[in-house]
Amino acid sequence: MVRMSADERRESVIRAAVTEFSRGGYHGTSTETIAKRVGVSQPYLFRLFAGKQAIFLEASRRCCQDVTEVFRRASEGLQGQEATKAMGEAYQALIADDPEKLLMQMQMYVAVASAEAAGDSEFGEALRAEWMEMYDVCNLAMGAEVGETTQFLAYGMLVNVLVSMGFQPEHRVWTGFYEEVQPK
């Protein structure tokens with residue numbers, strides 16, 4: 001059996017954490033569950049990460065980075081409406097093909113709000129920085145049109161909520177969307 005390096009093991013922990021946190025959220029997921037999924041002991045897990053919050057933070061960062069990269073690739077060489085349409089379609093494909101990405105985003109928003117309510121602003125600051133990178137990628141692709149970027153991301157958040165709640169594509173709630181935003 002080939003032994004994984006610490007970096008490879010760390011990567012496997014992040015992937016497992018996305019899976020587990022996307023399903024159970026921050027408070028509903030134990031580090032024991034993540035360790036089991038990876039096949040390591042909890043003490044080993046804590047040699048790789050300082051604690052549960054550090055694991056969640058890395059899983060959330062990865063999710064944000066993955067979404068940002070989807071937007072970056074989709075809009076490459078495009079501007080304005082072409083970029084907007086390409087990013088919207090790419091995001092729909094991402095959450096259709098990998099629902100954990102959507103669920104992890106939703107869990108991330110809840111965890112940040114919960115941490116902020118408890119007086120922990122550092123956690124949110126780190127994740128807001130990742131989210132702002134995504135915002136900047138979208139904004140640049142749209143020709144630095146702040147209003148369009150805001151509308152695109154607002155629609156995206158509404159898509160997140162409706163998909164998370166299980167609204168099927170044929171449901172009337174989708175009829176107010178732009179044609180390119182409606183799920184297929």
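1. The buried residues of helix 5 (80-97) are covered by elements that include helix 4 (52-75), helix 6 (99-117), helix 7 (121-141) and helix 8 (146-164). This is a predicted model, in which local features need pLDDT of at least 70 and side-chain atom pairs count only at pLDDT 80 or more, while totals for chains, interfaces and linings use all residues. Residues are numbered from 1 along each chain as its sequence is written, and side-chain values use heavy atoms, with hydrogens and water left out. Helices (H or I, at least four residues) are DSSP runs numbered from the N terminus, as are strands (E, at least two).

2. Helix 5 has 18 residues. From its first C-alpha to its last helix 5 reaches 26 Å, close to the 26 Å expected at 1.5 Å a residue; the expected span is 1.5 Å times one less than the number of residues. Its buried residues are Gly-80, Ala-83, Thr-84, Ala-86, Met-87, Gly-88, Tyr-91, Gln-92, Leu-94 and Ile-95. Buried means under 20% relative accessible area, exposed over 50%, and partly exposed in between (1.4 Å probe, protein chains only).

3. Helix 8 has 19 residues, which should span 27 Å at 1.5 Å a residue, and its end C-alpha atoms are 27 Å apart, in agreement. The residues buried in helix 8 are Thr-149, Phe-152, Leu-153, Gly-156, Val-159, Asn-160 and Leu-162. They pack against helix 4, helix 5, helix 6 and helix 7, where contact means heavy atoms within 4.5 Å.

4. The axes of helix 6 and helix 7 come within 8 Å and cross at roughly 145°. Axes are lines fitted to C-alpha atoms, for helices over the stretch in contact, with angles from 0 to 180 degrees between N-to-C directions. The crossing is left-handed, a term used if the near helix is turned anticlockwise from the far one by less than a right angle, with right-handed used if clockwise. Helix 6 contributes Met-108, Tyr-109, Ala-111, Val-112, Ala-115 and Glu-116 to the contact, and helix 7 contributes Ser-121, Phe-123, Gly-124, Leu-127, Arg-128 and Trp-131. By class, the contact has eight nonpolar, two polar and two charged residues; Ala, Val, Leu, Ile, Met, Phe, Trp, Tyr, Cys and Pro count as nonpolar, Asp, Glu, Lys and Arg as charged, and the others, Gly among them, as polar.

5. Leu-127, in helix 7, is buried, with a relative accessible area of 3%. Apart from neighbours within four places in sequence, Leu-127 is in contact with Leu-57, Ser-60, Arg-61, Met-108 and Val-112. Leu-127 and Ser-41 are 86 residues apart in sequence, and their C-alpha atoms are 27 Å apart in space.

6. Glu-130 lies in helix 7 and is buried, at a relative accessible area of 17%. With neighbours within four places in sequence left aside, Glu-130 is in contact with Arg-61, Cys-64, Gln-65 and Thr-68. Gln-105, in helix 6, is buried too, at 6%. Not counting residues up to four places away in sequence, Gln-105 touches Cys-63, Val-67, Tyr-91 and Asn-160.

7. Backbone angles come next. Ala-144 has a phi near 60°, a positive value in a residue other than glycine. Most residues other than glycine have a negative phi. Ala-144 sits in the loop between helix 7 and helix 8 and counts as partly exposed at 48% relative accessibility. Gly-166, which follows helix 8, also has a positive phi, near 85°. Gly-166 is partly exposed, with a relative accessible area of 39%.

8. Turning to the record, UniProt (unreviewed entry) lists residues 7-67 as "domain: HTH tetR-type". That span is 87% helix and 0% strand, and its end C-alpha atoms lie 22 Å apart. The UniProt annotation "DNA-binding region" (unreviewed entry) covers residues 30-49. Residues 30-49 are 75% helix and 0% strand, with end C-alpha atoms 14 Å apart. UniProt positions are given in the numbering used here, feature names are shortened, and annotations may be inferred rather than shown by experiment.

9. Glu-11 lies in helix 1 (residues 6-28) and counts as partly exposed at 25% relative accessibility. Glu-11 and Leu-48 are 37 residues apart in sequence and 10.0 Å apart in space, C-alpha to C-alpha.
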